[in-house]
Amino acid sequence: MNSAFGADSSKCTGTALCITDKVTKIIDGDTLYTKKYKIRLSLVNSPEKNQTGFAEAKAFTSKLCPVGSTLLFDQDDKQKIYKFGRVLGKVFCSGKNLNAELLYNNHAKISKEYCSVSEFSGESWAIKHGC
């Protein structure tokens, strides 16, 4: 574990992948890349390119998890891989849960159709937004 997270490193749950890595690219509000992984956030859906709110959601993620910063990634035990070969999970940047922050700040909506198949559906942020 990278010591940059201190107590935050304990935020990984389950048995799937738990890594710290540097952010190399922000694709949109709910997708970012590291050198080794293409990460899609579990249970959240932010606007896609050409949709209202796309620029704001991407900017929000870029501010919380800027390129070059270190993130902590906790892979979803129940749904490890998402389409296009992206790993699926929860991301912590700047000591905050990016999945939850996108929802709390109205830059994403909960993906209710995945609540039954996500390790994180019982967490307070997911329940508050509809899981």
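**Close-up 1. A left-handed link between cysteine 115 and cysteine 131.** The torsion about the S-S bond of cysteine 115 and cysteine 131 comes out at about -80 degrees, so this disulfide is left-handed. Cysteine 115 sits in the loop between β9 (109-110) and α3 (124-128), while cysteine 131 sits in the segment after α3, so the pair ties together parts that are 16 residues apart in sequence. Helices (H or I, at least four residues) and strands (E, at least two) are DSSP runs, numbered from the N terminus. The two sulfur atoms are 1.9 Å apart; a disulfide here is a pair of cysteine sulfur atoms within 2.5 Å. Cysteine 115 is buried, at 13% relative accessible area, and cysteine 131 is partly exposed, at 29%. Buried means under 20% relative accessible area, exposed over 50%, and partly exposed in between (1.4 Å probe, protein chains only).

A word on the model: it is predicted, so local features need pLDDT of at least 70 and side-chain atom pairs count only at pLDDT 80 or more, while totals for chains, interfaces and linings use all residues. Residues are numbered from 1 along each chain as its sequence is written, and side-chain values use heavy atoms, with hydrogens and water left out.

**Close-up 2. The disulfide of cysteine 65 and cysteine 93.** These two cysteines are joined with an S to S distance of 2.0 Å. The link links distant parts of the chain: cysteine 65 is in the loop between α1 (54-64) and β5 (70-75), and cysteine 93 is in strand β7 (residues 86-93), 28 residues apart. With 110 degrees about the S-S bond, this link is right-handed. Both cysteine 65 and cysteine 93 are buried.

**Close-up 3. Cysteine 12 meets cysteine 18.** Here the S to S distance is 2.0 Å. The torsion about the S-S bond is about 85 degrees, so this disulfide is right-handed. Cysteine 12 is buried, with 18% relative accessible area, whereas cysteine 18 is partly exposed, with 26%.

**Close-up 4. Serine 46 and its surroundings.** Look for serine 46 in the loop between β4 (44-45) and α1. Serine 46 is buried, at 2% relative accessible area. Its side chain reaches the backbone nitrogen of glycine 29 at 3.4 Å. Leaving out residues up to four places away in sequence, serine 46 touches Asp28, Gly29, Asp30, Ala57, His107 and Ala108, where contact means heavy atoms within 4.5 Å.

Conventions: A polar contact is a pair of N or O atoms within 3.5 Å; within protein, one must be able to donate a hydrogen and the other to accept it, and residues adjacent in sequence count only if both atoms are side-chain atoms.
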